[in-house]
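Hi everyone, thanks for coming.

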Amino acid sequence: MIIPFLKKIALWIIVIVIVIVIIPFFMVGKKKISHTVSVYISDMDKVVNMDFEKYIEGVVRAEMPASFHIEALKAQSVATRSYTIKKINSNQNNKEIHKGASVCTLPEHCQAYKSEEDMKKTWGKNAKQYNKKIKDAVNSTSNKIIVYEDEVINAVFHASNGGKTENSHEVWGGNVAYLKSTQSFGEEEAPKFKTSASYHIDEFKNIILQNAPDTVFENIIGEKTLTEGGSVKTINIGNKTFSGTDIRKMFKLNSANFDIIEQENKITFNVTGYGHGVGMSQYGANKMAKMGKSYEEIIKNYYHNVEISEYIKP
């Protein structure tokens, strides 16, 4: 009688060990993390606490066309999640802009955000299909983040470029190992791949003088140097040297990848691409997806020597 009883005890001990130790061990990193994030909704001027993954859905909804390939949308979801966590962890939030929230919906400061209701009119009859597609992209990559040397990366992205992305140090300064120039296909499919902007010579000079009052215009347009990605690194205007990013801001150009043509009383910028050109190209990601590449392959093309990991909330 004692031996069968001991066998029962041993069996129960084994069951308890399996339930308490072994099963949780195999579930580490697999469990869906549920937490909230405070978001300053700029157009409503209020702070809202929302589920973190719902916020990621809203950013993907706003930042990438829902008509894009599902693998591109997955890549955007992982990049968005990584960028958000990096921003929050680095305390890069501006309390004044964010009204005390962790992130905001201003694309020039954080990332754009659109709710399902916001996009109903834009998407029309495709709203239900597109919303499901975005949710599937976010849910299928739930908690996935991009890391470099075990640290979540600043997963910046842009719409399109001239066929190569930019080195981060040539755009913002500071060398970021994973933000290196790389080839990007399908950029010409972007609707704003080629744009132009023209200014009367007097208007052009006035804009320059507002930013550099002591500029002397002996020769208006001088020599320029280029980045590895093909954008303007520096350009001589009058007796001054400006960075390409400064000229982009001054004249509200779509990118710093531009040529300048001087004709009589007119200055024309012929611009290629849209955005800063660093990190993942959204139209390039879509092209890669259509070529059969997975979201992991897309991410590793645009962010050098990174790994895709699981985010576990501290």
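Before we start, one term: when I say two residues are in contact, I mean that they have heavy atoms within 4.5 Å. And please keep in mind that what you see is a predicted model.

With that term in hand, let's go to helix α3, residues 70–89. Who meets whom between α3 and α6? On the α3 side we have Ile70, Leu73, Lys74, Ser77 and Arg81, and they meet Lys133, Ile134, Ala137, Val138 and Ser140 in α6. Sorted by type, the residues of that contact come out as 5 nonpolar, 2 polar and 3 charged.

Now, how do we describe a pair like that? Two packed helices are described by the angle between their axes and the distance between the axes. For α3 and α6, which covers residues 127–140, the angle is about 55° and the axes are 8 Å apart. That angle makes α3 oblique to α6. The crossing is right-handed.

Next, α3 has another partner, helix α11, residues 295–302. Here the axes come within 8 Å and cross at roughly 55°, and therefore α3 and α11 are oblique to each other. What about the hand of this crossing, left or right? For α3 and α11 it is right-handed.

Which residues are involved? From α3 we get Glu71, Ala72, Lys74, Ala75 and Val78, and from α11 we get Tyr295, Ile298 and Ile299. This contact divides into 6 nonpolar residues, 2 charged ones and no polar ones.

Let's move on to the cysteines. How many disulfides does the structure hold? The count is 0. Cysteine 104 is in no disulfide, and its nearest cysteine sulfur, in cysteine 110, is 3.5 Å away.

Finally, let's zoom out. The protein has 11 helices and 14 strands. Of its 314 residues, 45% are buried. And if you take contacts between residues at least 6 apart in sequence, 64% of them join residues at least 24 apart.

Notes: Residues are numbered from 1 along each chain as its sequence is written. This is a predicted model: local features need pLDDT of at least 70, side-chain atom pairs count only at pLDDT 80 or more; totals for chains, interfaces and linings use all residues. Side-chain values use heavy atoms; hydrogens and water are left out. A disulfide is a pair of cysteine sulfur atoms within 2.5 Å. Axes are lines fitted to C-alpha atoms, for helices over the stretch in contact, and angles run from 0 to 180 degrees between N-to-C directions. Helices (H or I, at least four residues) and strands (E, at least two) are DSSP runs, numbered from the N terminus. Angles under 35 degrees count as roughly parallel, over 145 as roughly antiparallel, 65 to 115 as roughly perpendicular and the rest as oblique. A crossing is left-handed if the near helix is turned anticlockwise from the far one by less than a right angle, and right-handed if clockwise. Ala, Val, Leu, Ile, Met, Phe, Trp, Tyr, Cys and Pro count as nonpolar, Asp, Glu, Lys and Arg as charged, and the others, Gly among them, as polar. Buried means under 20% relative accessible area, exposed over 50%, partly exposed in between (1.4 Å probe, protein chains only).
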